[in-house]
Amino acid sequence: MTQSAAPLRIRVARLSWLSAIIALAAVALIVLAGLLTAWETPDRTFSAVVPVPVRISWPGVGALFAAALLAAAAVIGITALQTAAAAQVLGRRGGPRQRHRLGPEAARRARLTLLTPPVVQALGIDEIPVALPSARPAVAASTRLRCTVLIPAHDEEAVLGATLASLAAQRRPPDHVVVVADNCSDGTVELARAHGVDVVETVGNTEKKAGALNQQLERLLPDAGSSDVVMVMDADSTISAEFLEVALALLEHDADLMAVGGLFYGDDDAGLIAQLQRNEFTRYQRIVARRRNRVFVLTGTAAVMRAYALRAVADSRGELIPGPAGMVYDTLAMTEDNELTLALKTLGAKLTSPPQCRVTTEVMPRWRDLWRQRLRWHRGALENIGVYGLTRATTPYWVQQLGLGYGVLALWSYLALMVITLLAADTIRWSPFWVTIGLVFVVERLVTVWAVGWRGRAIAAPIVIELAYAMFLQVCFVVSLLQIASGRKAGWNYVPRSAEQGLAPVLLAPYAITSLGILLPTSILSTDWYQILCVWVGFNTLVFAGLSLLQILPPLRRASRSP
């Protein structure tokens, strides 16, 4: 074993042991919960109505504590699975990530690549002379920036024309547009040249979009100055007319700002699956607005970045952040835009996504295409944070993954409770309290997609359609976790432009379950485990009702200032 490989092997081994310990802790909690349920003699003098139309009795303190232990065991189990997935990802990486005890010359180079000085202390780099200059050049406020647009394209003849037309229609046009043609077999190159833009064809690239961009950035960045910015844009996306005007004005006004990302919206494709994705994207915009335009992911559909920030990322690869040394994009990452966001944030870069920077991108036309896309998104996000580890920059992303896991438990336990109740209860009755809670969800679904139009509202109002869509996405999340943990090789999602739409079998699943005519004994409704499930579902319902109330509120607004 080489000396460089030893730290990586040690880290993988530690993660593997940690996942095993966490998994054993989850099993122990489940056993303890079962013992508490068996020993507890519940007090049944109090009754309450839960989010299903049946009345249950108070299950007792022990049963409630058992429910809490089961919930903790489930969350810890998800954590164990994610830790095991992180170990699998690191095990497939070819080189270690070194962050501490750099040598004097390596520490000097590292210091020169940092975008903001506080990152030095955050990364724990030792013995760095204070007098060393920062890699961030002095840029005077209001310095006019020069923008070069890079459009990686692989057989994009059908959609590239609209992309180039949206660039030509910019209120502030870019200074240079380059289409990076990657192994194209159609008329992409000829179409780009017909629009009067430069075309660069990749040579021997086998690393998809990231490899194509790395080849062109290797040519571009060495000669780029402090006033140069690079916009990376997908070939199947279009941007609003004010995109570059707003993005460049923000960068020119704020010298500390390193990148401006777009907010993506779905195109106008017809069909249920397309509208569901548009609704999803619209809700994401509200979340970003509530974060005061702070970037969660610097979207690869369209983002403007300072050239020296990209150069700092390339110089930091292998020393401070994962990835091949000297490359802007980590070619092992499935979601290169998410990974680049983590790289920039690790180096302390300030990022933003203003609402004026709108990007319209294609939506997946078929359920199988959406399945492959979301598997790639989830796997990419999990693998990226697994490689970076738990740091200040990655903590929000780890919390997000745990939140997704909690959402899976909450939704599927609710569905299980509903199915059991409908199959076992003789009669049903309505609770005004829980009906009101249900109305909160309906209002939230409508308010958060109101800007989409009547089609989006019509799909959101019944709840059940978007509930089935959420189930579909959650299955993608769980499968991605299992695939990573099992070491299954991931595939790439290329969508042929002639693809037709399909229907989602998942939308029919709830009706199939409830129409089987299978009846359960009513005695189930008085068992301890059923009452524990009711309390668990009731708690989750109140939690998500509170989150829905927060989403109904208007997004936070910054005090307006002119650039």
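Predicted model: local features only at pLDDT ≥ 70, side-chain atom pairs only at ≥ 80, totals over all residues.
An unreviewed UniProt entry carries the annotation "transmembrane region" for residues 12-38, 58-91, 404-425, 432-453, 459-482, 503-524 and 530-553.

Two of these spans can be described from the model. Residues 432-453 are 73% helix and 0% strand, with the end C-alpha atoms 31 Å apart. Residues 459-482 are 88% helix and 0% strand. The end C-alpha atoms of that span also lie 31 Å apart.

## Positive phi values

Most residues other than glycine have a negative phi. Lysine 208 has a positive value, near 60°. Lysine 208 belongs to helix H7, residues 208-220. Its relative accessibility is 43%, so lysine 208 counts as partly exposed.

Isoleucine 463 also has a positive phi, near 70°. Isoleucine 463 sits in the loop between helix H15 (454-460) and helix H16 (464-486). Its relative accessible area is 25%, which makes isoleucine 463 partly exposed.

## Cavities

The model holds three cavities of 30 Å³ or more. The largest cavity has a volume of about 70 Å³. Its lining is made up of Lys209, Val232, Leu298, Thr299, Gly300, Ala303, Met305, Tyr329, Glu336, Asp337 and Leu340. Strand E10 (302-306) and helix H11 (336-346) are the elements that give two or more residues to this lining.

H11 provides the largest share, three residues. By class, the lining has six nonpolar, two polar and three charged residues.

## Aromatic pairs

The whole structure contains ten aromatic pairs. One of them joins tyrosine 406 and tryptophan 536, edge-to-face, at 6.2 Å centre to centre and 80° between the planes. Tyrosine 406 lies in helix H13 (residues 395-424) and tryptophan 536 in helix H18 (residues 528-552), so this pair ties together parts 130 residues apart in sequence. Tryptophan 536 is buried, at 16% relative accessibility.

Phenylalanine 433 and tryptophan 434 have ring centres 4.9 Å apart and planes at 80°, so this pair is edge-to-face too. Phenylalanine 433 is partly exposed at 46% relative accessibility, whereas tryptophan 434 is buried at 14% relative accessible area. Elsewhere, ring pairs link Trp367, Trp371, Tyr469 and Phe472 into a cluster.

## Charges over rings

Arginine 358 lies over the face of tyrosine 265, at 3.7 Å from the ring centre. Arginine 457 places its charged end over the ring of tryptophan 450, 3.8 Å from the centre.

Notes: Residues numbered from 1 in each chain as written. Heavy atoms only, no water. UniProt positions renumbered as here; feature names shortened; annotations may be inferred. Helix = DSSP H or I, 4+ residues; strand = E, 2+ residues; numbered from the N terminus. Buried < 20%, exposed > 50% of the residue type's maximum accessible area, 1.4 Å probe, protein only. 1 Å grid on protein atoms, 1.4 Å probe; cavity = no way out; pocket = protein on both sides within 12 Å on 5 of 7 lines; lining within 4 Å. Points joined across faces, edges and corners; volume = space filled by probe spheres on them. Nonpolar A, V, L, I, M, F, W, Y, C, P; charged D, E, K, R; others polar. Phe/Tyr/Trp six-rings, centres within 6.5 Å; stacked < 30°, edge-to-face > 60°. Lys NZ or Arg CZ within 6 Å of the ring centre and 35° of its normal.
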